[in-house]
Amino acid sequence: MKILREYYMNRKYIYALTALTFFALTGCVKLDTLPEGDTVTSSQKEDVLSKDPSKAIAGVNAIFAQFSQYEPNYSALGNRARHNDIGFPSIMFFTDANGLDLVSKVTGYNWMQADLNYSDRDFSSLNCQIVWNDLYSIIYTTNSVVGAISAETEDPTSQFYLAQGLATRAFSYWILAQLYQFDYAGHKTSPCVPIITNENSNQAALSGAPRATVDEVYTLINSDINKAIDLLKSAQDGGITRADKRYISLAVAYGLRARINLTMEKWAEAAADATSAINASEATPASISDVSKPYFWDISEGDWMWGIIISETDDVVSSGIVNWISHMGSLNYGYANYSGGMKINKALYNSIPATDVRKGWWLDANRLSANITTADEKEWMDYYYGAYTQVKFAPYQNIVGNSINANDIPLMRIEEMYLIKAEAEAMSGADGKTTLENFVKQYRDPSYVCTVTAAADVQKEVLHQRRIELWGEGLSWFDIMRLKTGVDRRGGGFPNATMVFNIAPNADILLWRIPEKEMQANPGLKAEDNNPAAPVPTPVPDI
Amino acid sequence: MKKILMMFVLALATTALTLGQTVPIRGTITSSDDGLGIPGVTITVKGTTLGVLSDADGKYSITVPNDAAVLVFSYIGMKKQEIEVKGKTVIDVVLVPDQVGLDEVVVTAYGTSSKGSFTGSASVLKSDDIEKRQVSNVTNALVGAVAGVQILSANGQPGTSATVRVRGVGSINAGSDPLYVIDGVPFDGDLSSINSVDIASMTVLKDAASTALYGSRGANGIIMITTKKGVSGKSQISFDAKRGVNSRAITNYSVLTSPKDYIETEYQAIYNAGLYNLNYTPENANIYANQKITSDSEGGSGYQIYTVPSGESLVGADGKLNPNATLGYSDGKYYYTPDNWADEMFKHNKREEYNLSMTGADNKYNYYMSLGYLDDQGVISGSGFTRISARLKGDYQMKEWLKVGANVNYINSMSNYPSEQTSTTSSGNAFYVANSIAPIYPLYVRDATTHAIMLNNGRKVYDYGDGVSTNFSRTFMSIANPAGDLIYNKRDYLMDILNTTLHADLTPVKGLKITAQYGLNLDNTIYKDLGNAYMGQSAQYGGTASQQQTRTSGFDQQYIAYYQFNLNHDHQFDITVGYDGYTYQTENVWGNAQNLYNPESYYLDNAIDNLNTGGSKDTYSQEGIFGRLNYSYKDKYFGNVSYRRDASSRFSPDNRWGDFYSGSVAWMINKEYFLAGTSWIDMLKLKASYGQQGNDAIGNYYAWLDQFKVSGSNGVFSDGTLIYKGNPDLTWETSVSYNVGADFAFFRNKLSGSIEYFGRRSSDMLYNKPVAGSLGYTSIPMNVGSMTNSGVEIDLTGSVLKTEKLSWNIFANATFIKNKINKLHPDLNGKLIDGTRIYEEGQSMYRMYLVDWAGVDPTTGKALYWAKDADNAAITTDDYTVAQKYKVSTTNLMPKVYGGFGTSIDAYGFDVSVQFSYQLGGRIYDSGYAGLMHGGTPNNAGNNWHTDIRKAWTPNNTNTDVPRLDANDLYANSTSTRFLVSSNYLSFNNFTVGYTIPSELTQKMQIEKIRVFFVADNVGLISSRKGLDPRQSFISATTALYTPIRTVSGGINLTF
């Protein structure tokens, strides 16, 4: 054929072809690509660990990093940037705003509006998803830690790490249990939340997980916190203690168990744990002089047992306004400047004696506070805020108008332990009254006298103290659920008549609903398994 | 350009040698298109049956009787030429393409094909049609122009790309963008970097047989862009200039425009809340509403703009504005009066474009040079796009066996792209704010005594509604003023883009060509952002500065061998084998800081506080090997098979490689003897193809791996917060396409076109499956199920009139398309619900899952939704949270047919053309309208209303489908089936009129051609509701996007 006849090749073609082949072979692309920057894959983590074993703690730290995240639900919400989507502090806000002590106005800048009017209970609402996803994201990181360390480990460092996972998991389920079902004692067999642990997470990914009962969830909570306490004791004996207050120390673990026991109404155990926490902790209650000015911004403050450490370089801070103190803080730059600020329930405020240092934590009816003393502070507060606005929380570095919102966020303060101790002692027949009196007198109100003696009355008085002391720290909701107080906002000074509700303690609206997306994607849940859909509450006339 | 057709001799030629004396004639036949030889041209002696064909290089030799007078040169797609012999022995001929272009060249994967031999499915958009459109991004020129291509445009910002969908959307989550291939090299860069003037043609390859060789990257169709090149023997300089004005092509919905109207409506909402929800008496409700209406809560707007005589209330018991109220209010310090935000924000900005190009070619070289300048200022301040582009393209035949070429395109562009214009609820979005703001708010701060706009060092002071710029707090988008932001904030994307291809073709033996081709696209973008220090949110920080530098590179390398041969001259073979490797890298460093020294400088060192910085890099790569065999028999039967093996770095090493096959056939029926006598058929070809392709576009570059975020500070690291749940089992989505159709030309090419039936079945679809949040993550990538897009495309071009002085052409295309999900993941039991979308087996993917609207309760006026009672019987409820349990799936929302049509007339030097696009038979969720039909609740306070709100329920108007206004009813305009409307539209895309000055006049000025023209783009849109633009998406439309720009320009083309 012609082709064959023409088949010849001289040297230059051979050179050319060789060169080409060379290019072709050297030019082949590399298919194993990995990200470089702040995203790491599991393989990169292993690689780093093999080069630098000290990075092992980075996986444990993830638990606490998960507490403070910048818009962690952005993609889960369908690429929505929500300025109240900041990790665990979102839950602190939502639950406080549901209650009656954190008073705020309906305005475009108040990101707690949906919680103020309970439209957050709509199972397709964004807040409904944020609460659920955030808590289970923390559980995911705890499961990773728990699953990676043998329960029988003898190494004190590993024991310490494992305890972090277990204790935080107990904390997370404790929060969940109180959001998705009523009180423990009356609802042990009621459906609570799905239990996802390191042991069943793969199974759950395949076939879903049903709602466990309240009792089952508390069994896990207790098992986790008990193991954590044992591990922390051994770790401590082995010379390993926490590097800073983001981690769970033995005292914090006791404190968590005290909370759990309080919720379960195991009064004696709660009192014992609170006492252990006080004894084990280096923290001491903030003194009257400490809290005679805006305070509670720095984890190094002596009364903090556990908290979220926020750095200036964190995304929540560099965002400017997408952070806890932006919404909460009166004296810094942030949403509060425009939302009218976060206020205390007027009736609660009026119940604080003038001799109590905490009277200064909020502006009074005349928009004054003994704690607001500098000209800067006065001018700032006068410009932006009305009566009852909080000045409990200081701006970052105590600089008025600071736009760097790097305040640390308290998760547990020693004062709470005294209050748990007092309540639990009273309820278990011991002298809680004296415990309460001593605490309040020494640290808050020198003229304080507890006028009641009956256990139930002391418990009520402790609740009163808790509402004042722990205001704005994301704990009020759990008292409402545990003590079945309902939510009566009448007389609280809610600025909008449409937000004045009186919700019965057993009203379905109090329970969060499992998000629609979870219902759709979790084969373990059927439509009827969800908490009932309840209409938003109807306003009642204020008093 | 290699034609596939090769030399073969007509059988009849051998019978003609018995005649008397003969003369040899030889010559070369070249194309006026590219100056290259045309193989396969039929050369006959007029009046005889004598004839030969030209060879691969376009050369021929024929021995003719010495009495032969005329030679006829004919070739499909070229104008037939007759040349008198007159004793010449060398006759060179340049063939000019036929107007209708029966056999134009189709640019295919790794090569070209004549349309006749092309077995796949392609549509071509030529430079003439592209140049008519004033587009700052070439993708916008595809609107309505070709069958099978849908264009969605959700952002009218100059320079941004439209969303292009070829034959539907192949996948639920995986990327559906087509691949752009520029002069044979895949292009991943910014399409705004291509000057449309440089484009000779855009070919949309639609079926797998055409696209298969590009492998996975071409799974969603390929748009082959061929840039211009020189014409042999002709040096030409062209210059064109256009200047015009932009305006908004889509204006707002019909909204309330008078403050009185607005305030009375707002009053009614608050009054009703008092009456119905707080159980006030009518008197108290009136007092309550008057108290709240100017407050910043409970449905009030936060602003007082009317002065009311002391002791009187703003709105009377009759719900009417107090007749004694006067517009304008002073609080002693400021004066408040409404401004028209739309008028203040939307500007008639200019658009201008100048292009200069030079071309030339001879036997050995070919060049094209161009220089372009574009300045498109959009329709809002601070959204301009300017581009300087230069291209130098050249080919050089160095040796007989070696040809080298390069195409270098440098672009320098500056875009002020204010990114928030597509962020639907952002307070920085001028479109959202202007379209939604109540007609009561001032845009500027005015002085109480003079009523004049206040100035701050010469700058107008804008009202940010934050209680700081004035004493009022706006309830709608407070701390915001997009007009002020657009003027005082700055954001620049300065881009240097270098898009280079280099190639070398070796021809070691005849028929064999080996090509090495490299394409590098390098994009260096510097982004700078200034948050102004004068007013608004950024002023609180003393101004903010950001700088970001991104370098993106896409490097493509191809090594391909082509081998062509024939057997017995009848069997033509063309074999291609090759390797294609691609690496994409993107790397960036960024920083931002606060508190500026110079309030107008966005450089980081100009700021002193809160410096934050970062940097990262991503890499993605892909490679493939491929082979193809083309076969044709006697130019009548064509066949093609190909194979490609692809690997992607997105998948785990175990699941990385995929094998994909394709094949196609075509039959040129008009060449069969039984049609030989049918003179009205110029061409009729049947074709069919079948092919597979892979798709890896799942969005994440490392989708097979779990990914965590590293964070921390002060020496404490955290690396375990999960940010992406990977799936090691993830592998290729495979799409199988089939195409059956006919290409035709009838009545001496007066009517030509194609009709095709196509199907595209994707299986193992890449999908980000929503998973239960209780697992600690909310989605995981998976290969889930399969889906089919199928339909019919019709493309018609008709020449109604054609005389020397007058020609009139019409084109129309239509695509009927159906989408069906065949199979979902077995876990899903046939149904997947993802928020408001539902994906169900046997149904279209374009369905929503919504609460079902049941109208308005005539007694209460509340919105009703369908639900079910304990016995599963349908009931209505006004509690949306209950109705949510009973959502319904809608029917398929996708349009049943879409396409375009147009016409052009050339007469006596004038040319006029119009072009339209349309879609019919679909529905869309009108979320823009939904937002304007709120009930006056506090979170909607200050948001304007659609005029339909006048139909709202009142005790006197109970027969209505608009619920009562009530500031405390949460569910008046909740997402439901209520807001689904027809998505039919007709869009008048382009109108062009031009006049070419007679050449007798221009040639005296040494100018070959002068054409002056007037052109208008985005002339108008008819949709089911004024303000609704169904072209944004298949599912929902909003009012909060940078709307398309109407540009009206005049210009001139000069050719020397």
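This is a predicted model: local features need pLDDT of at least 70, side-chain atom pairs count only at pLDDT 80 or more; totals for chains, interfaces and linings use all residues.
Local features here need pLDDT of at least 70 and side-chain atom pairs pLDDT 80 or more, while totals for chains, interfaces and linings use all residues. Residues are numbered from 1 along each chain as its sequence is written, chains are lettered from A in the order in which they are written, and side-chain values use heavy atoms, without hydrogens and water.

**Exercise 1.** Describe the interface of chain B and chain A by its residues and its buried area.

Solution. 
- Step 1: Contact means heavy atoms within 4.5 Å. By this rule, 97 residues of chain B touch 92 residues of chain A.
- Step 2: The size of an interface is often given as the accessible area lost when the parts come together. Buried area is that loss (1.4 Å probe), summed over both parts. Between chain B and chain A it is about 7,700 Å², and carbon and sulfur atoms give 56% of this.

**Exercise 2.** Find the salt bridges and polar contacts across the interface, then state what the side of chain B consists of.

Solution. 
- Step 1: A salt bridge needs a side-chain nitrogen of Lys or Arg within 4 Å of a carboxyl oxygen of Asp or Glu. The rule finds five between chain B and chain A. Among them is Lys105(A) with Asp296(B), whose closest N and O atoms are 3.0 Å apart.
- Step 2: A polar contact is a pair of N or O atoms within 3.5 Å; within protein, one must be able to donate a hydrogen and the other to accept it, and residues adjacent in sequence count only if both atoms are side-chain atoms. The interface has 25 residue pairs of this kind, both residues at pLDDT 80 or more.
- Step 3: Strands are DSSP runs of E with at least two residues, numbered from the N terminus. Strand β33 (residues 607-633) of chain B gives the largest share of the side that touches chain A, eleven residues.
- Step 4: By class, that side of chain B has 44 nonpolar, 36 polar (Gly among them) and 17 charged (Asp, Glu, Lys and Arg) residues.

Conventions
Buried area is the accessible area (1.4 Å probe) that two parts lose on being put together, summed over both. Helices (H or I, at least four residues) and strands (E, at least two) are DSSP runs, numbered from the N terminus.
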